[in-house]
Amino acid sequence: MTSHPAVRTPQQDRSRATRARLLAAAVDCLAELGWQGSTVTVVAERAGVSRGAAQHHFPTREDLFTAAVEHVTAERLAAVRAHADELPAAGPDRTRAVVDMIVRLYTGPLFRAALHLWTAAATEEVLRERIIALEGHVGREAHRAAVEFLDADESRPGVRESVQATLDLARGLGLANLLTDDSLRRSGVIRQWAGVLESTLRPVRP
């Protein structure tokens with residue numbers, strides 16, 4: 001018996017497009033307006049859909065914004081992976097390029113949007129549970145991608161901790177960039193940390 005792949009209908013395509021517009025608009029609103037200013041109505045207006053259509057896809061505000069951050073994070077990581085073959089060969093140049101790439105993930109609108117969610121979750125119990133789960137998932141995916149791009153052997157002493165320190169450093173640099181352009185200082189920090197990380201990944205034997 002031959003099986004055939006399911007064929008999407010025009011209505012399903014429209015539904016997927018509506019959902020995608022809502023997710024993108026939700027991240028933009030969070031980044032620009034913060035949690036208090038980002039209501040479902042505001043997001044629906046920006047996405048060009050009705051509030052009812054938005055609630056059909058995402059029954060609650062928490063559903064919408066946690067799904068938005070998770071979706072856009074997955075898209076960003078997929079885009080980075082798509083360009084992984086353009087990285088230099090293993091060595092100091094590749095390590096610096098990867099550190100720079102990771103830091104850039106934490107210095108754009110997506111990080112700003114996620115930060116607003118973290119802040120709101122500190123005082124909203126329902127949101128907190130969702131954000132803890134979301135951050136756990138995103139953190140694992142980011143760590144896995146970093147290990148892959150760095151070609152890191154986490155069985156070696158200190159390597160896993162150094163990869164995680166790279167992600168923590170990137171978050172800190174993202175915070176420093178929120179109020180002012182921190183690109184000049186950030187460049188020096190990236191260069192210095194990449195050297196430290198490379199010496200841990202591939203120590204020079206005496």
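**Figure 1. The span at residues 16–76 in the predicted model.** The end C-alpha atoms of this span lie 19 Å apart. The UniProt record, an unreviewed entry, places the feature "domain: HTH tetR-type" at residues 16–76.

**Figure 2. Trp35 and Phe65, an aromatic pair.** The structure holds three aromatic pairs. In the pair of Trp35 and Phe65, the ring centres are 5.5 Å apart. Trp35 belongs to helix H1 and Phe65 to helix H4. The two residues are 30 apart in the chain, and the pair links distant parts of it. Trp35 is buried because its relative accessibility is 4%, under the 20% cut-off. Phe65 is buried too, at a relative accessible area of 0%. Arg61 also meets Trp35: the charged end of Arg61 sits over the Trp35 ring, 3.8 Å from the ring centre.

**Figure 3. The aromatic cluster of Tyr106, Phe111 and Trp118.** These three residues form one cluster. The rings of Tyr106 and Phe111 have centres 5.9 Å apart and planes at 70°, so this pair is edge-to-face. Tyr106 is buried, with a relative accessible area of 11%. For Phe111 the value is 4%, and Phe111 is buried.

**Figure 4. Helix H6 and its buried residues.** H6 covers residues 109–121, 13 residues in total. From first C-alpha to last, H6 reaches 19 Å, close to the expected 18 Å. Buried residues in H6 are Leu110, Phe111, Ala113, Ala114, Leu115, Leu117, Ala120 and Ala121. What do the buried residues of H6 pack against? Their partners are helix H1 (10–37), H4, H5, helix H7 (125–150) and helix H8 (159–176).

**Figure 5. Thr66 in helix H4.** H4 runs over residues 61–82. Is Thr66 buried or exposed? Thr66 counts as buried, with 9% relative accessibility. The Thr66 side chain reaches the backbone oxygen of Glu62 at 2.6 Å. Beyond four places in sequence, Thr66 touches Leu117, Leu127, Arg130, Ile131 and Leu134. Glu129 lies 63 residues from Thr66 in sequence, yet their C-alpha atoms are 11 Å apart.

**Figure 6. Thr95 in helix H5.** H5 spans residues 92–105. Thr95 has a relative accessible area of 1%, so this residue is buried. Which residues does Thr95 contact, leaving aside neighbours within four places in sequence? They are Leu150, Ala194, Leu197, Glu198, Leu201 and Arg202.

Key
Residues numbered from 1 in each chain as written. Predicted model: local features only at pLDDT ≥ 70, side-chain atom pairs only at ≥ 80, totals over all residues. Heavy atoms only, no water. UniProt positions renumbered as here; feature names shortened; annotations may be inferred. Helix = DSSP H or I, 4+ residues; strand = E, 2+ residues; numbered from the N terminus. Buried < 20%, exposed > 50% of the residue type's maximum accessible area, 1.4 Å probe, protein only. Contact = heavy atoms within 4.5 Å. Polar contact = N/O pair within 3.5 Å; in protein donor to acceptor, adjacent residues only side chain to side chain. Expected span 1.5 Å × (residues − 1). Phe/Tyr/Trp six-rings, centres within 6.5 Å; stacked < 30°, edge-to-face > 60°. Lys NZ or Arg CZ within 6 Å of the ring centre and 35° of its normal.
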